[in-house]
Amino acid sequence: MPELPEVEAVCRVVRRPLRGRRIVSAHVSRRRVCAPQTPEEFARAVTGRRFRAVERRGKNILIHLDGVTIWVHLRMTGNLYTIADARLRPVSVSAHLVLDNGRSLVFDDPRGLGVMRAIPAERLARALGPMGVDPLAPEFTPERFVALARSSRAAIKLFLMDQRRIAGLGNIYAAEALYCARIDPRSIGARLSSARLRRLHAAIVAVLSNAIKSASLAYQRPGGFAEAEEFDPAVYGREGLQCRRCRGRIRRIQQGGRSTYFCPRCQSGPHHVRRADRIRPG
Ligand SMILES: [Zn+2]
């Protein structure tokens, strides 16, 4: 599933070819991509309009036209790119927009779970719902992060993944950042020192920036959807394997219905939720 770095890479890839172009026609080949809008409504809303900007908010891609925004969510397998001629589009395309220079912007989505809807500018904020601070935005300062984390009674890993607090930090990068900062994923945000939280803030920014670099390389191949293959997780998906830092074993636990990977040996400190660990049924 594309996470924030892949979504950012997609935005960077399409930004330049769309700059200043106008949409000549819009074609939806999978009705549910724009539901509850009909394909006809979607086409009417965007045809004739000019591209203004491509913005990412969390994992949402906002393609701003004049007066209307195309809201794209890639979900599981979505990808967005331009091709020289609409006739060359793959069969897995959910929708495509023909541009005034003959090229086409395609929304390629093999599993077809993605979203591409036209939203009038004045209804955009409501359509997207409440969203936390984007971890790559200038507003994501160490001070802001410390204050947010300090107000949370949840396990720090769950806090990091709460989209109403921080938008777009998914399971993989939350685990990697906690490993980098040597913080136990079960620690309670409110109990962590501001020095440790500042270290975690720096780790989040570093982990995401690195992942964006490798995702951008992966997306250089025209049309090729690829999870960032160059990305080599330190803990994610490495249950039972050796920690590269201390040679302890990586462990997997469940938090909020998702797997959390961490190294119990070097992600430690005085702030664990020891009590929860001690409780054993029977
Ligand atoms: Zn370790």
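Analyst: The axes of H6 and H7 cross at roughly 125° and come within 8 Å of each other. Axes are lines fitted to C-alpha atoms, for helices over the stretch in contact, with angles running from 0 to 180 degrees between N-to-C directions. Helices (H or I, at least four residues) and strands (E, at least two) are DSSP runs, numbered from the N terminus. This is a predicted model, in which local features need pLDDT of at least 70 and side-chain atom pairs count only at pLDDT 80 or more, while totals for chains, interfaces and linings use all residues. Residues are numbered from 1 along each chain as its sequence is written.

User: Why are H6 and H7 called oblique to each other?

Analyst: Angles under 35 degrees count as roughly parallel, over 145 as roughly antiparallel, 65 to 115 as roughly perpendicular and the rest as oblique. The angle is roughly 125°, and H6 and H7 are therefore oblique to each other. H6 passes H7 in a right-handed crossing (left-handed if the near helix is turned anticlockwise from the far one by less than a right angle, right-handed if clockwise).

User: What makes the contact between H6 and H7?

Analyst: Tyr-173, Glu-176, Ala-177, Leu-178 and Cys-180 of H6 meet Leu-200, Ala-203, Ile-204, Ala-206, Val-207, Leu-208 and Ala-211 of H7. Two residues are in contact if their C-beta atoms, placed from the backbone, lie within 7 Å. The residues of this contact comprise eleven nonpolar, no polar and one charged. Here Ala, Val, Leu, Ile, Met, Phe, Trp, Tyr, Cys and Pro count as nonpolar, Asp, Glu, Lys and Arg as charged, and the others, Gly among them, as polar.

User: How are H1 and H7 arranged?

Analyst: Helix H1 (residues 4-18) packs against helix H7 (residues 194-218) at about 50°, with axes 8 Å apart. That angle makes H1 oblique to H7. The crossing of H1 and H7 is right-handed. Among the residues in contact are Leu-4 and Arg-12 of H1 and Leu-208 and Ser-216 of H7. The contact of H1 with H7 divides into seven nonpolar, one polar and three charged residues.

User: How do you know that the length of H7 agrees with its number of residues?

Analyst: The expected span is 1.5 Å times one less than the number of residues. The 25 residues of H7 should therefore span 36 Å, and its end C-alpha atoms are 36 Å apart, which agrees.

User: Which residues are joined by a cis peptide bond?

Analyst: Ala-35 and Pro-36 are joined by a cis peptide bond, with omega about 5°. Pro-36 lies in the loop between strand S1 (23-28) and helix H2 (39-46).
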